[in-house]
Amino acid sequence: MAVGSSSASGAWTGSPSTLGERPRRSRLVDVFEQEANRCARNADLRRLLLEATRELGFDHVALVHHARLTRGASPRLVRIDNYPDGWTEELLAHDLAPSDPVHLASVRTNIGFAWQDLGDLLPLGPLQTHILERSAFFGLGEGFTVPANIPGEPSGCCSFAVRKGRPLPGRRLL
């Protein structure tokens with residue numbers, strides 16, 4: 001196989017040969033982009049996100065504007081998730097979202113990160129540790145977050161997680 005080609009699965013296997021050339025994206029990304037552009041309602045996007053989440057090997061997904069997880073948030077902000085029952089409700093009821101270490105880390109970087117690396121991105125204080133422990137209590141295991149920080153727009157992210165006790169599907173994150 002030539003350097004910079006894609007494998008039978010469509011995954012990129014090399015680096016661009018010329019500056020500015022975009023690597024071929026995976027089939028999943030291409031299909032997701034096409035289908036997302038056709039979504040007319042949040043329910044359509046939710047269905048599409050859940051399908052992609054399963055294909056990537058994760059159990060849970062949360063696509064959120066961080067401000068959507070605060071009291072009195074505008075309903076125009078995005079919050080689509082399938083986190084375990086009770087977890088998001090606890091986060092909101094106790095106003096923990098502004099201190100969530102995943103959200104705090106996602107505004108400090110523009111590259112995806114595994115939750116196991118949170119301590120490298122920010123100091124984890126007692127409140128952040130408590131939030132991670134509570135999320136595990138509700139069944140969330142390891143995760144991977146892709147920040148979505150566009151100048152002039154509310155900060156947000158898309159997080160993928162596995163059930164507690166399952167490993168991250170690392171081969172799909174490369």
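Trp87, Phe137 and Phe138 form a single aromatic cluster, where rings of Phe, Tyr and Trp (its six-membered ring) pair if their centres lie within 6.5 Å, and planes under 30 degrees apart count as stacked, over 60 as edge-to-face and the rest as tilted. The model is predicted, so local features need pLDDT of at least 70 and side-chain atom pairs count only at pLDDT 80 or more, while totals for chains, interfaces and linings use all residues. Residues are numbered from 1 along each chain as its sequence is written, and side-chain values use heavy atoms, with hydrogens and water left out.

**Aromatic contacts**

- By the ring criterion the count comes to 3 aromatic pairs; in one of them, the ring centres of Trp87 and Phe138 are 5.9 Å apart with planes at 45 degrees, so this pair is tilted.
- Trp87 belongs to helix H3 (residues 87–93) and Phe138 to the loop between helix H6 (126–137) and strand E4 (140–148), which places the partners 51 residues apart; helices (H or I, at least four residues) and strands (E, at least two) are DSSP runs, numbered from the N terminus.
- Trp87 is buried at 3% relative accessible area, whereas Phe138 is partly exposed at 22% (buried means under 20%, exposed over 50%, partly exposed in between, with a 1.4 Å probe and protein chains only).
- Phe137 and Phe138 make an edge-to-face pair, with 5.3 Å between centres and 90 degrees between planes, and Phe137 is exposed at 58% relative accessible area.

**Salt bridges**

- The whole structure holds 7 salt bridges, each defined as a side-chain nitrogen of Lys or Arg within 4 Å of a carboxyl oxygen of Asp or Glu.
- Arg47 and Glu51 form one of them, with their closest N and O atoms 3.1 Å apart, and these residues are 4 apart in helix H2 (residues 42–56), a separation of about one helical turn.
- Asp59 bridges to Arg166 at 2.6 Å between the closest N and O atoms; because Asp59 lies in the loop between H2 and strand E1 (60–65) and Arg166 in the segment after strand E5 (156–163), the pair ties together parts 107 residues apart in sequence.
- Asp59 is buried at 18% relative accessible area, Arg166 is partly exposed at 30%, and salt bridges with shared partners join Asp59, Arg163 and Arg166 into one network.
- Exposed Arg41, at 52% relative accessibility, meets Asp44 in a salt bridge of 2.9 Å, N to O, and Asp44 is buried at 18%.
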